[in-house]
Amino acid sequence: MKLYHSITSPYVRKIDVQIAECGITGIERVSASGTPVAPDDAVIARNPLGKIPALEREDGPTLYDSRVITQFLDEMSGAGLYSKGPRRWDTMVVEATADGILDAAILIVYETRIRPEDKRFPAWVEGQWAKIDRAVEVLETRWIDHLNGPFDMGQIAVGCALGYLDFRHASRNWRKGRPKLTAWEAAFAKRPSMIATVPTA
Ligand SMILES: N[C@@H](CCC(=O)N[C@@H](CS)C(=O)NCC(=O)O)C(=O)O
């Protein structure tokens, strides 16, 4: 299988961490990039949305959207990162919360990097940050016990989302007023899978 990949993509990082944690083999990485205004042709040929990660398979259609890929790899490896019973839905909502943080964080990056300066809309950027702020607050107040519980895909997604906030939005300081999440992230970031996948500019 071929994983269309970039070291700076936090969605790709989730897959990289999962691969490392679960000892998954047989996936070749293909370097890819692209933005909505400058898409990557190789990615578009496999994912009409032009987004990575995309996982090309020999025996079926290319998989895309990181959550489809993580569930596929979880089933393939039998790792059980989505739990069984009611905790499964908690895992999935924690993962969706983390991915929502990423969706907003990336839109802010695109707005400030790609959109011409005279067309930028600060209130829209602040609206995206408000989504992130609320989601991080809910991780601190509602989901901290889950994060401190059995290792799962929700935790991987949150670790990658907070890592991306540090990478692209450090000046916003998500840690302020979030001592529990700060402590959780500091411990989680020490996992070898996280250290091996830290994004670099
Ligand atoms: N929902 C998608 C989001 C993936 C995504 O937005 N990837 C970014 C890179 S970090 C991308 O490929 N952007 C290109 C574009 O939006 O055209 C997922 O979970 O895989």
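This is a predicted model: local features need pLDDT of at least 70, side-chain atom pairs count only at pLDDT 80 or more; totals for chains, interfaces and linings use all residues.
Start by selecting the strands. There are 4 of them in an open sheet, ordered β2-β1-β3-β4, and their pairing is mixed. Colour β2 (28-31) and β4 (63-64) separately: these two stand at the edges, and each has a single partner strand, so one side of each lacks a neighbour in the sheet. In general, strands of a sheet pair through backbone hydrogen bonds, either parallel or antiparallel.

Next, select residues 2-5, strand β1, together with residues 54-56, strand β3. The two run antiparallel and are joined by 3 bridges.

**The ligand.** Now select the ligand and the residues around it. There are 14 of these, and the closest are Lys51, Ile52, Asp65, Ser66 and Tyr110.

- Ser66: a polar side-chain atom is 2.6 Å from an oxygen atom of the ligand.
- Asp65: an N or O atom of the side chain is 2.9 Å from a nitrogen atom of the ligand.
- Pro36: a backbone N or O atom is 3.3 Å from an oxygen atom of the ligand.

How much of the ligand does the protein bury? Taken alone, the ligand exposes 510 Å², and the protein buries 87% of that.

**The surface patch.** Finally, select Leu107, Phe121 and Trp124, and switch to a surface view. Together they form a nonpolar patch with about 280 Å² of accessible area. Leu107 belongs to helix α4 (residues 87-113). With a relative accessible area of 35%, Leu107 counts as partly exposed.

Note on methods
Residues are numbered from 1 along each chain as its sequence is written. Side-chain values use heavy atoms; hydrogens and water are left out. Patches are made of residues with over 30% relative accessible area and no salt bridge: like charges are joined within 9 Å, nonpolar side chains (Val, Leu, Ile, Met, Phe, Trp, Tyr) within 5 Å. Accessible areas come from the Shrake-Rupley method with a 1.4 Å probe; for residues, only the protein chains shown count as cover. A salt bridge is a side-chain nitrogen of Lys or Arg within 4 Å of a carboxyl oxygen of Asp or Glu. Buried means under 20% relative accessible area, exposed over 50%, partly exposed in between (1.4 Å probe, protein chains only). A residue is near a molecule or strand if one of its heavy atoms lies within 4 Å of it. A polar contact is a pair of N or O atoms within 3.5 Å; within protein, one must be able to donate a hydrogen and the other to accept it, and residues adjacent in sequence count only if both atoms are side-chain atoms. Two strands pair if DSSP finds at least two bridges between them.
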